[in-house]
Amino acid sequence: MDFEPRYTEEQQTFRTEVRDWLKDNVPDDLANPADSADTTYDDYLQYRALGRDLGEKGWLWPTAPTEYGGGGLTIDHAIVLDEELDEYSLSLPPYYDSGGRLGGASILVWGDDDQKERFLPPIFKGEVRTWQLLTEPNAGSDLAGVQISAVRDGDDYVINGQKIFVGSSHGAEQYWTITCTDPDGDRHQNLSWFIVPAETPGLTVVPMDLLIAGGEGGAGTGHKNTIFFDNVRVPASNLIGGENNGWQVATTHLELEHGSGGTIRRNRLVDRLFDYARELKRDGQPISKDPEVQELLVDVFVEAEISRLFGLRNYWMRHAHQKLAHEGPQSSYYRKTSGLRMGEAILKILGPYALTDDPKWDKSDSHMEVFQRSSIVALHPGGTAEIQKVIMSRRLGIGRQVREQAGRLA
Amino acid sequence: MDLSLTEQQELLKTTARDFMEREASKDILLELEETESGYSDELWQKASDIGWLGMLVPEQYGGSGSSLTDAAVVYEQMGAGPLSGPFFSSGVLGALTILEAGTEGQRQRYLPSIAVGREIAALALTEPDYGWGPDSVSMRAQPTDNGYVLSGTKLFVHDAASATTLITAVRARGHEGMTLMMVDANTPGVSTRLLSGFMGWVGEVTYDSVEVSADAVLGEPGSAWQPLQRAFQKAIPILCAYQVGGSQAVFDMTLEYSRTRIQFGNPIGRFQRVQDHIVNIINHLDAARWTTYEALWKLDSDRLTDNGVETSIHLAKAVTTEGYYQACNGAHEVHAGIGVMKDYGLTLHTQMSRTLYHYLGDPRFHRKRMAETLDF
């Protein structure tokens, strides 16, 4: 076994190239606030510009196929890129986007040649950013129960309804969504999956007011939105995977969203917490010297290590093309629930310092206060913790009569 | 990065699994549960013949000098039984202690016979004031003209009854630190007694004016603590692998039971309350597995000077010991009545998870050590 990436000479040469490029191309003044809602529009435009520059080099989605605008690089290259961007606290892409990681993966598996050629290059080159529109007021955990309707009309589909918990601040150029095309049809066989250009008439985007916007992994999302569809006309050529086959298309991105992608990143929050506990004093000594605080710090460390190892395992399984079963939702479940436990431990460790981002007294650049909120919000995106357990059980063969297979990945 | 076993390790795993099915089936293990030693001569001989006692003994002393991960792969299969008997005590902890603390002459004297199972070593360290820290040993060794006299009691000694040599931790007069003594179990004045209760093959050893010669001292008097800690570092992840195997077996039997047990017209696995237990068990199991194998990888890839290795070992032990314990608890919740029938086999694991809970330090002990290695 080998738990860390081994670097070949080729990789190290690539690393030098990446490092030099990033030094020249990442703007010095690019802010990376703990709460991504604090990202200004100007900064957002800089992130997008950086994304396009990375896309041009094939580094935005390094392992996506070159014929569709991806980098066509190996996982070894992707690891190097990920590590070097992490040095700037950036990820790929350097802003919230559901196009390359999730929607693009579904299009690669389920789209026809024409659709792949039309939709994938703009995504993989960072020319568009794409949001996922899944949840509805009456379809959260029960995603297959979406009610937004798409009705065929000539060469178009006309979509009416509402999606919530969508996207982030500062807009997007493109959406993908799952709709109901046969209200009387059998469950899972009545849905259809569409690409919807954001400028299509009839779409209204209204920001939501949430405890904090948070998603799973990747760059922060800013705020979430409600999107209303009022007779939105989408060409039938934007239907991916065929009419009433939308659930199948969705299983691909749901699989990835349920944690099967994995990660090799460490949780920097733990280092920040340790530093903070060494700095804060109580009874004349750092609180980190208090045996009870030490117990809590170790609790946080243990949770973070298990989370890291689940992510690492899934990362390896995915890239070594191992057959995944319960591992994706397990990682997601553990991250969500351990996040809540870590939040509680941090609250006990730091006391009221955990709850303030006051620039005079907070010494964590808001990270601790943000985590108190984001660890709560993180419980629902991509399926609640409870839903992750439901999926795990199905994958273990006890949730249903027939054992559920993991969604198809490219 | 590659988290798969090597081809050779896969072979080791298959061989070990086959051996367990053939020689240590549930029925055999239930019979062995009633014995003082936890093994039969026939089983011990066969296991010795396939090299299970010599895996961590270097080739020059008659073993196979396998990597820790290789040994762990085998111990995981043993834990799935769970196979009783002094395999870990002698072949892992005993061998590593002698290797780390012993002189060249002592290695040559003991390791070849341990490697073939002819001699069985057990570590007698803990005492009535139970603990695994440096201050937990207070038994004295009184120097004489040509050796020492040992008097005192060792308590909760694993595999005490089957040991031929008791590696006994003492304070030798005139030496600040801890001393290890190689005490032949047949020496007059040594008596062992198996403890009864919800634990297996753990005993009390009493030393009543036991005379040993000067060369019974393993290495140098007063300097055994550091080498013993090095032996612990390597031995602990192997014990963890054994517990991972146990947790895996408990998970497998619980999952299978939840698929086949029908109540209210449904397999009970269809009930989400039952699924909660099964999800908990596999989360404990997978956390145990990956913390354990990461620690093994760090040790095998010679990251001993790396600041993370000690933390990884403590992490593995804390997570794995807790995991095996909780896996058994979850299994009992799912199995209900049938789980406590001894012939079903679950209780073999339940008792083993308790027996091993404090061995080489309980989860709290290792969490405290983590607070030290993380340098708060």
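Predicted model: local features only at pLDDT ≥ 70, side-chain atom pairs only at ≥ 80, totals over all residues.
The rule finds 5 salt bridges across the interface of chain B and chain A. Within chain A, the count between domain 2 and domain 3 is 0 salt bridges.

**Extent of the chain B–chain A interface**

- Chain B contributes 37 residues to the contact and chain A contributes 41 residues.
- About 3900 Å² is buried between the two chains, with 65% of that area coming from carbon and sulfur atoms.
- Of the area that chain B buries against chain A, 24% is supplied by B:M1, B:L3 and B:F376, more than by any other three residues.

**Polar contacts and make-up of the chain B side**

- Between chain B and chain A, 18 residue pairs are in polar contact, both residues at pLDDT 80 or more.
- On chain B, at least two residues of the side that touches chain A come from each of helix 7 (225-260), helix 8 (272-300), helix 9 (308-335) and helix 11 (363-373).
- Helix 8 of chain B gives the largest share of that side, 15 residues.
- The side of chain B that touches chain A consists of 18 nonpolar, 9 polar and 10 charged residues.

**Domains of chain A**

- Chain A is divided into domain 1 (9-95), domain 2 (130-245) and domain 3 (261-395).
- The C-alpha centres of domain 2 and domain 3 of chain A are 31 Å apart.
- In chain A, 7 residues of domain 2 contact 12 residues of domain 3.
- Domain 2 and domain 3 of chain A bury about 860 Å² between them, 64% of it from carbon and sulfur atoms.
- Between these two domains of chain A, 1 residue pair is in polar contact, both residues at pLDDT 80 or more.
- The side of domain 2 of chain A that touches domain 3 has 3 nonpolar, 3 polar and 1 charged residues.

Conventions
Residues numbered from 1 in each chain as written. Chains lettered and ligands numbered in written order. Heavy atoms only, no water. Contact = heavy atoms within 4.5 Å. Buried area = accessible area lost by both parts, 1.4 Å probe. Salt bridge = Lys/Arg side-chain N within 4 Å of Asp/Glu carboxyl O. Polar contact = N/O pair within 3.5 Å; in protein donor to acceptor, adjacent residues only side chain to side chain. Helix = DSSP H or I, 4+ residues; strand = E, 2+ residues; numbered from the N terminus. Nonpolar A, V, L, I, M, F, W, Y, C, P; charged D, E, K, R; others polar. Domains from an automatic or database assignment.
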